[in-house]
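How do helices pack against one another? Look at the model below and follow the chain with your eye.

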Amino acid sequence: MKLTRLKSIKTAIKQVKCLRCGHKWFPKKPGFKAKTCPSCHSPYWDLPIKRKSTSIASKKNSTKFENSKAPTMQELVLKSIKKGNHLRKEIQKDLNVPVWNIDGAITKLRRNRIITVSGIGRYYEKK
Ligand SMILES: [Zn+2]
């Protein structure tokens, strides 16, 4: 019954979480504070990140896409729509990419409620 004993000890120790990378672990002893995160090795793992980009607030800004420096297909399609290309054909002509790339991006943009489609297949940015 070694396993169950180990489990009960683990639950007695409060699990801690790295605020940088989200890694969760159990300290060696109760009240023991790790110097660095075992996963990302950040010494500031218990301090919340102040940058806005990882906060929930930025999710409201639907036109901003996180974790990408190069524009994504979604961004390019949205840009094209904003420029006045509302038909899939127009967007494709504007971006000069295969139509399935556009379809994929449109599906994602619609799912994220960034764009909306009118009855005659015209895409608009959702306000
Ligand atoms: Zn970490």
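Start with helix α3 (residues 73-83) and helix α4 (residues 88-95): their axes come within 10 Å and cross at roughly 110°. Axes here are lines fitted to C-alpha atoms, for helices over the stretch in contact, and angles run from 0 to 180 degrees between N-to-C directions. That makes α3 roughly perpendicular to α4, a label for angles of 65 to 115 degrees. Helices are DSSP runs (H or I, at least four residues), numbered from the N terminus.

This is a predicted model: local features need pLDDT of at least 70, side-chain atom pairs count only at pLDDT 80 or more, and totals for chains, interfaces and linings use all residues. Residues are numbered from 1 along each chain as its sequence is written.

Which residues in α3 meet α4? They are L76, V77, S80, I81 and K83, and their partners in α4 are I91, D94 and L95. Contact means that C-beta atoms, placed from the backbone, lie within 7 Å.

Now turn to helix α5 (residues 99-111). It packs with α3 at an angle of about 85°, with the axes 9 Å apart. α3 and α5 are therefore roughly perpendicular too. From α3, M73, Q74, V77 and L78 take part; among their partners in α5 are I102, A105 and L109. This contact has seven nonpolar, three polar and one charged residues.

How far can you trust the model? pLDDT is the predictor's confidence in each residue, from 0 to 100. The chain averages 82. Confidence is highest in α3, at 95, and lowest in helix α2 (residues 57-60), at a mean of 49. Where pLDDT is low, the predicted coordinates should not be read in detail.

How values were computed. Helix = DSSP H or I, 4+ residues; strand = E, 2+ residues; numbered from the N terminus. Parallel < 35°, antiparallel > 145°, perpendicular 65-115°, else oblique. Contact = placed C-beta atoms within 7 Å. Nonpolar A, V, L, I, M, F, W, Y, C, P; charged D, E, K, R; others polar.
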